Amino acid sequence: MQFTIDHFNINVLDLDRSLAFYGKALNLSETHRMEAGDGSYIIVYLGDGKTPNRIELTWLAAMDRPYNLGDEEFHIAFRTPDFEAAHRLHAEMGCICFENTAMGVYFIKDPDGYWLEILPMGVGVKKN
C-alpha cells in the first residue's frame, strides 16, 4: 500500500487576509474552493503550481475568536531556491518570527499565528 500527501488543513479567521498573505509571502494561489450552501464554511485549496501538494484554508462562519494553536509545536516547511530574496520579502512584510542562523532557516507567522518554516534548497531533511 502506498500513500501520498494530498493537503494540509489550517483553519483561518479572515479568509481574504489569509489568501493575500499566502499569495504574497509564498506565491501560493487558489486551485479550487468549496462553499457550503448555507454559508457555514468556505474551503480554499492553495498550490504552488509545481507540485501536487496543497494547503487547505478553512473558514468557519461560526468562529468568532482567534484559534487556539496550543504550544505551536507544528509547522509547514517551504523550500526556496532564492533564500536571500525570500528573507528580504518576509522582513519587509514583518512576518519573520524566529531565525535559526546555525541551521540556516527561519520561520514566518501567518495572520492566524501558524508558523511556516523557510529553508534554502539543499538544507534540512534528506530525501531517500
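Modeller: Among contacts in the chain between residues at least 6 apart in sequence, 51% join residues at least 24 apart, a contact being heavy atoms within 4.5 Å. The model is predicted, so local features need pLDDT of at least 70 and side-chain atom pairs count only at pLDDT 80 or more, while totals for chains, interfaces and linings use all residues. Residues are numbered from 1 along each chain as its sequence is written, and side-chain values use heavy atoms, with hydrogens and water left out.

The part I pick is helix 2, residues 83–93. Helices (H or I, at least four residues) and strands (E, at least two) are DSSP runs numbered from the N terminus. The chain has two helices and eight strands, in the order β-α-β-β-β-β-α-β-β-β from the N terminus on. Its radius of gyration is 15 Å, close to the 14 Å that the globule rule gives for 128 residues, so the chain is as compact as a globular protein of that length. That radius is taken over C-alpha atoms, and the rule is 2.2 Å times the number of residues to the power 0.38.

In helix 2, Phe83, Ala86 and His90 are the buried residues. Buried means under 20% relative accessible area, exposed over 50%, and partly exposed in between (1.4 Å probe, protein chains only). These three cover an arc of only 60° around the axis, which puts them on the same side of helix 2; the arc is that of the directions from the helix axis to the C-beta atoms. An α-helix has 3.6 residues a turn, so residues three or four places apart point the same way. The cover over the buried residues of helix 2 includes helix 1 (15–26), strand 5 (76–80), strand 6 (96–100), strand 7 (105–109) and strand 8 (115–120). Glu84 and Glu92 are exposed on the other side of helix 2.

Gly94 follows helix 2 and has a positive phi, near 70°. It sits in the loop between helix 2 and strand 6 and counts as exposed at 62% relative accessibility. Its C-alpha atom is separated by 24 Å from that of Thr58, 36 residues away along the chain.

For the rest of the chain, 36% of the 128 residues count as buried. There are four salt bridges, each a side-chain nitrogen of Lys or Arg within 4 Å of a carboxyl oxygen of Asp or Glu. One of them pairs Asp6 with Arg54, with the closest N and O atoms 2.4 Å apart. This pair links distant parts of the chain, since Asp6 lies in the segment before strand 1 (7–12) and Arg54 in strand 4, 48 residues apart. Asp6 is partly exposed at 39% relative accessibility, whereas Arg54 is buried at 19%. Another joins Asp64 and Arg65, whose closest N and O atoms are 3.2 Å apart. Here Asp64 is exposed at 65% and Arg65 partly exposed at 48%. Salt bridges that share partners join Glu30, Arg33 and Glu35 into one network. Within it, the Glu35 and Arg33 side chains meet at 3.6 Å, N to O.
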